[in-house]
Amino acid sequence: MRVIHVITRLVVGGAQENTVATVLGLREKPGIQVQLISGPTLGPEGSLEPEIKSIPGLLAVIPDLVRPVHPFHDFRAVKTLENIFREQKPDVVHTHSGKAGILGRLAARRAGVPIIIHTIHGPSFGTFQNGLGNFVFSSAERYVAPMTTHFVVVAEAMKTQYLAAGIGKPEQYTKIFSGFPLEPFLAAKNDLELRKRLGFEQDDFVVGKIARLFKLKGHDDLLGAAPELIRQNPKIKFLLVGDGEWRGRLEARAKDLGIEKNIAFTGLVPPEEVPRYVGIMDALVHLSLREGLPRTLPQALAAGKPVIAYDCDGAREACLDGQTGFLVRPGDLSALRTRLLQLAGDPMLREKLGKTGSEYVREHFAVEKMVDAIYNLYQKLAAERGIRP
């Protein structure tokens, strides 16, 4: 069975890490030939391309597959993808992310690909953008939905949202949690030397956040809550892992608020280094207004760290309220402060939530379980269409 995955770009991010892990895992499965197609990876978020460039024939980059809407490049990208699919005759085209999801499925249908799968890593429409943007993206999703054999969602919330928008039918959806290698997070330790290097004391309560420094990720809300938190507990510190276009803006705001000494910006951290930084956190917050199911939540839980998340999209499927952490209504900074102060003052509660979270993640988020589920889905869909490996 020949499978081609298509994604818009390979920046350091959850959807991209999921896709790369899936492709690498499928290469080890019997009867599968797999390739990955991406647009160019540019910007301060970092790139996952080095992880797979060394494998001959695995990655192909299409220059016209760019993230912004651009009619000229979009037309050329569809034609290029269609030509590739006609030449290579894949049994499955599996698309990821909004732009590649639309163009990739359109090209696959035009090329006569028998099985077309799209993974919804996060919503392409919703309250996070204006009415025109929602109309354009929801209309585009409805247009290509009949071309889609099956949808994979990383959280039940994505299935609910897309069905409510008239996209697909319930039987076309399969939920597969976004798995990752558990062992580095299970083994994460509180590295006192790393704490010291970042300006933290041994007894500081370190609140971590892992996300691109960009809009909709919730950094402004965390900074907005910080001054009062620090006033009530001066030992609270903040660790922002990641980079992006908003770094200068966020650093300037921290200085304006007078809290720059309580915040450490790591800049870009390679994915393999993230467990070291999770290890020195006492809790992780995730305040994004647009996610499928953020991988940072199960990653922190695997390391035994309690989490606080905005109750948005699929967050509640990892942050089990009162069991592995606490859910907060989006924008409710008072509740956010209350929960952080509660965790800062109760080590036994942190240990209890972290232990439950670690057990939950071990059961549901192993990368091997994710790859097996996707492989089995391919086999099922192929058998239904009479395609033999």
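Predicted model: local features only at pLDDT ≥ 70, side-chain atom pairs only at ≥ 80, totals over all residues.
Student: How do you know that the radius of gyration of the protein chain agrees with that of a compact globule?

Tutor: A compact globule with 389 residues would have a radius of gyration near 21 Å, and the protein chain has 21 Å, so the two agree. Along its principal axes, the C-alpha trace spans about 65 × 40 × 40 Å, and the secondary structure comes to 15 helices and 13 strands. Among contacts between residues at least 6 apart in sequence, 70% join residues at least 24 apart.

Student: Why is Asn18 called buried?

Tutor: Asn18 has a relative accessible area of 4%, and the cut-off for buried is under 20%, so Asn18 is counted as buried. Asn18 is found in helix α1, residues 14-26, and, leaving aside its neighbours within four places in sequence, Asn18 is in contact with His121, Val154, Ser178, Arg295 and Met370.

Student: Why is Leu289 called partly exposed?

Tutor: The relative accessibility of Leu289 is 37%, and partly exposed covers what lies between the buried limit of 20% and the exposed limit of 50%, so Leu289 counts as partly exposed. Leu289 lies in the loop between β11 (283-286) and α12 (296-302), and its C-alpha atom is separated by 36 Å from that of Ala382, which is 93 residues apart from Leu289 along the chain.

Student: What makes α3 oblique to α4?

Tutor: The axes of helix α3 (residues 71-88) and helix α4 (residues 98-110) come within 8 Å and cross at roughly 50°. Angles under 35 degrees would count as roughly parallel and those from 65 to 115 as roughly perpendicular, so an angle of roughly 50° makes α3 oblique to α4. The crossing of these two helices is right-handed. Among the residues that make the contact are Asp74, Leu81 and Phe85 of α3, together with Lys99, Leu103 and Arg110 of α4; by class, the contact has eight nonpolar, one polar and six charged residues.

Student: Why are α9 and α10 called roughly parallel to each other?

Tutor: Helix α9 (residues 219-232) and helix α10 (residues 247-256) pack at an angle of about 10°, with their axes 10 Å apart. Roughly parallel requires an angle under 35 degrees, and α9 and α10 are therefore given that description. The contact is made by His219, Asp220, Leu223 and Gly224 of α9 and by Arg249, Leu250, Arg253 and Ala254 of α10, which divide into three nonpolar, two polar and three charged residues.

Student: What makes the phi of Leu216 worth a remark?

Tutor: Most residues other than glycine have a negative phi. Leu216, by contrast, has a positive phi of about 75° although it is not a glycine. Leu216 is found in the loop between β8 (205-210) and α9, and at 23% relative accessibility Leu216 counts as partly exposed. Ser97 also has a positive phi, near 70°, in a residue other than glycine, and the place of Ser97 is in the loop between β4 (92-96) and α4.

Technical notes: Residues numbered from 1 in each chain as written. Heavy atoms only, no water. Axes fitted to C-alpha atoms, helices over the stretch in contact; angles between N-to-C directions. Helix = DSSP H or I, 4+ residues; strand = E, 2+ residues; numbered from the N terminus. Parallel < 35°, antiparallel > 145°, perpendicular 65-115°, else oblique. Left-handed = near helix turned anticlockwise from the far one by under 90°. Contact = heavy atoms within 4.5 Å. Nonpolar A, V, L, I, M, F, W, Y, C, P; charged D, E, K, R; others polar. Rg over C-alpha atoms; globule rule 2.2 N^0.38 Å. Buried < 20%, exposed > 50% of the residue type's maximum accessible area, 1.4 Å probe, protein only.
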